[in-house]
Number of protein chains: 2
Amino acid sequence: MSKQPKAQDRKDVFNKPVREVLIASGDLELEDIDPNSSPGYDGDKASGAADLAAIGEELSELQERFFAASRAGAPHTILLILQGMDTAGKGGIVRHVIGAVDPQGVSHHAFKAPTAQELAHDFLWRIERELPEHGLIGVFDRSHYEDVLIHKVRGLSPAREIERRYGAINDFESKLADQHTTVIKVMLHISNEEQRSRLAERLERPDKYWKFNTGDIDEREVWNEYMHAYQTAIRRTHTRDAPWFIVPADKKWYARLAVAALLLDALKAIDPQWPAADFDVEGEKRRLADS
Amino acid sequence: MSKQPKAQDRKDVFNKPVREVLIASGDLELEDIDPNSSPGYDGDKASGAADLAAIGEELSELQERFFAASRAGAPHTILLILQGMDTAGKGGIVRHVIGAVDPQGVSHHAFKAPTAQELAHDFLWRIERELPEHGLIGVFDRSHYEDVLIHKVRGLSPAREIERRYGAINDFESKLADQHTTVIKVMLHISNEEQRSRLAERLERPDKYWKFNTGDIDEREVWNEYMHAYQTAIRRTHTRDAPWFIVPADKKWYARLAVAALLLDALKAIDPQWPAADFDVEGEKRRLADS
C-alpha cells in the first residue's frame with residue numbers, strides 16, 4: 001500500500017541484531033562498557049544520521065499499523081523507559097526518535113520529583129497512572145527506577161525499602177508483560193567527562209541556561225555511587241519479561257540510532273496487521289455512491 | 001544560537017497575513033467559502049510542501065523557546081482546536097504539522113464519544129481535564145464543539161440546552177484567554193464530494209479499512225444539517241478571545257500549510273524569550289571545572 005519499501009526489504013543497518021549487542025546481563029559490569037563506543041554499527045556520524053532517517057520511516061509505517069491493529073482489538077502496547085544521568089540525552093531521544101512517529105500514536109510522560117499526593121502512595125502508583133493504552137508507544141523519561149537510584153544514593157529510603165522495591169518492580173513489569181506490553185528499558189550510558197562537556201555547553205550558551213541546574217554539579221560528586229546504584233538496579237531488575245539495554249551515549253547520533261533500532265525491533269516482533277473489514281465492503285461502496 | 005535562519009529573516013509564504021485571510025465572522029456564510037480554494041497562497045502543491053517544511057523548522061525552534069520560557073514562569077499556553085467532518089484531515093494535521101515539533105512540547109487529546117463517567121458531568125468537565133500545561137501546545141482533535149454540533153443535528157440535547165452551551169463555551173474560552181491561553185479554533189472545511197472521494201479510498205484500500213465506519217455514510221444524509229450547525233456554532237462562539245478560522249480543506253497540502261502558519265503566528269505573537277540564568281554563570285563554570 002505504502003510507497004516506502006517494506007521494512008523486510010531493507011538491509012539491517014547494524015552488523016548484528018541490535019538487541020543482542022546491547023542487552024544487559026545479571027552480572028553486568030558497567031565499567032566494561034565504553035560510553036564512547038558504537039557497538040554493532042560500522043558507520044560514522046553521517047551514515048548514522050541517514051540510517052536514523054531510514055529507520056524513522058520504517059517506525060512511522062509500522063506504528064500506524066500497530067495503532068490500527070489496536071482499534072480492532074489487538075492488546076499490545078510498547079513501553080520505552082529512558083534512564084540516564086543528567087545530559088545523557090533522554091530528551092534528544094524523544095525529539096529525534098519518537099519525533100519520527102505520529103504524535104497520535106505516542107504517550108509521553110516525564111517523571112519529575114514526586115508531588116505530595118504521589119508521595120502519599122506507593123512509588124508505583126503514579127507509574128501505573130501513566131501506562132500507555134493499547135496501540136500506543138509509551139515513553140517514560142525517568143520512571144520508577146528513580147526510586148531505587150537517587151533514593152539509594154541520597155538515602156531517601158532505607159536499604160530494606162530499596163530491597164523491597166526491586167522485587168516490586170519485577171512483579172510489576174512481569175504483570176505488564178502478561179498484559180502484552182513490550183517493556184524496553186534503556187540506560188543511556190555517558191562518561192563523566194562527556195557530562196562535564198555537555199554541562200559546560202549549557203553554561204556557555206544563553207539558549208541553554210534554562211536546562212542547567214546547580215544541583216547537576218552536586219550530583220557529579222556522587223557519580224561513582226550513581227554508577228554503582230545503576231549497576232545494582234539493572235542486575236536486580238534485568239528479566240526476560242523486561243530486559244535492560246545499555247546504550248553507549250557519548251555519541252548522541254549512535255544512541256538515537258540504537259534506541260530507534262530497538263523500538264523498530266519491538267514493533268517487528270509484534271508484527272501488527274491491518275485489521276480486516278468488519279463491514280460489507282461492496283455494500284458500503286454502493287451506499288456511498290448513492291449518498 | 002541556532003544554525004537555522006531566524007524566523008523574522010524568512011519571507012512570509014502567504015501573500016497576506018494568514019490570520020486575516022482565514023478568520024471567521026459573526027455573520028459567516030459557509031457557502032461562500034470554497035473548500036477547494038487556497039486563500040492567501042499563490043503556490044501549488046509542490047511549493048506548499050516545501051513551505052510547510054520551512055514553517056515546520058520555525059515552529060520547532062520557537063516551540064523550544066516557548067517551552068523554555070514556561071520553565072522560568074511564563075504563563076502562556078496554546079490550544080489548537082480541530083473540528084471538521086469525518087475525513088476532513090484532522091489526523092493529517094496532527095501527523096504533519098504537530099509532528100514537526102518536539103513531542104515533549106505537545107499535549108494531544110482526541111475526544112471520542114463520552115464515557116458514562118463523563119456524561120455524569122457537565123459537557124465541559126472532560127475538556128477542562130485535558131487542558132495543556134503552561135509552555136505546551138495543546139491539540140484537541142474534536143472538542144466541546146461536538147456538544148453543540150452532533151447534539152444539535154441528532155437532537156441529543158434539547159434546543160434550550162444547546163443555547164445554554166454557546167454561552168458556557170464563550171465564558172469558558174474567555175477564562176482561558178484570561179489565563180494566557182491562545183485559543184485557535186479551526187474548522188477544516190471540506191466539500192461533500194471530497195468526503196465521498198476520501199471515504200471511497202478507505203473502501204478501496206485494505207490498509208484504510210480500519211478508518212472506515214458505516215456510520216460515516218449515515219452522517220452524509222444530514223450533511224446540510226451539519227453545515228448549518230457549524231455555521232451557527234461558529235457565529236455564536238466566534239469571539240476576540242477565541243476566534244474561529246475556516247480552513248478550506250479539499251486540498252490537504254493547503255490545510256496543513258494554513259494551520260502550521262496559524263500556529264506559527266500564535267507563537268510569534270507570544271514572542272517567547274530564553275530565560276536568563278538564575279545562577280552565577282562564572283561561578284558554576286568554576287565549580288564544574290573542579291568537579
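Here are some notes on this predicted model, starting with the interface of its two chains and moving on to single residues.

1. **Ground rules.** Residues are numbered from 1 along each chain as its sequence is written, and chains are lettered from A in the order in which they are written. Local features need pLDDT of at least 70 and side-chain atom pairs count only at pLDDT 80 or more, while totals for chains, interfaces and linings use all residues; side-chain values use heavy atoms, with hydrogens and water left out.

2. **Extent of the interface.** On the side of chain B, 45 residues are in contact with 45 residues of chain A (contact means heavy atoms within 4.5 Å). The two chains bury about 4,300 Å² between them, and 63% of that is on carbon and sulfur atoms. Buried area here is the accessible area, with a 1.4 Å probe, that two parts lose on being put together, summed over both. In chain B, the residues that lose the most area to chain A are B:Arg95, B:Trp210 and B:Leu288, which together make up 18% of what that side buries.

3. You will find 6 salt bridges between chain B and chain A, a salt bridge being a side-chain nitrogen of Lys or Arg within 4 Å of a carboxyl oxygen of Asp or Glu. One of them pairs B:Lys285 with A:Glu204, whose closest N and O atoms are 3.3 Å apart. There are also 16 residue pairs in polar contact between the chains, both residues at pLDDT 80 or more. A polar contact is a pair of N or O atoms within 3.5 Å; within protein, one must be able to donate a hydrogen and the other to accept it, and residues adjacent in sequence count only if both atoms are side-chain atoms.

4. **What chain B brings.** The elements giving two or more residues to the side that touches chain A are helices H2 (45–71), H3 (90–96), H8 (192–204), H9 (214–220) and H12 (281–290) of chain B. Helices (H or I, at least four residues) and strands (E, at least two) are DSSP runs, numbered from the N terminus. By residue class, this side of chain B has 22 nonpolar, 8 polar and 15 charged residues. Ala, Val, Leu, Ile, Met, Phe, Trp, Tyr, Cys and Pro count as nonpolar, Asp, Glu, Lys and Arg as charged, and the others, Gly among them, as polar.

5. **A:Arg126.** This residue lies in helix H5 (residues 125–129) of chain A. A:Arg126 counts as buried at 8% relative accessibility (buried is under 20% relative accessible area, exposed over 50%, partly exposed in between, with a 1.4 Å probe and protein chains only). The side chains of A:Arg126 and A:Glu118 are joined by a polar contact of 3.1 Å.

6. **B:Asn15.** Found in the segment before helix H1 (18–22) of chain B, B:Asn15 is partly exposed at 42% relative accessibility. Its side chain makes a polar contact of 2.8 Å with the side chain of B:Asp42.

7. **A backbone check.** A:Arg142 has a positive phi of about 70° although it is not a glycine; this residue is in the loop between strand E3 (137–141) and helix H6 (146–153) of chain A.
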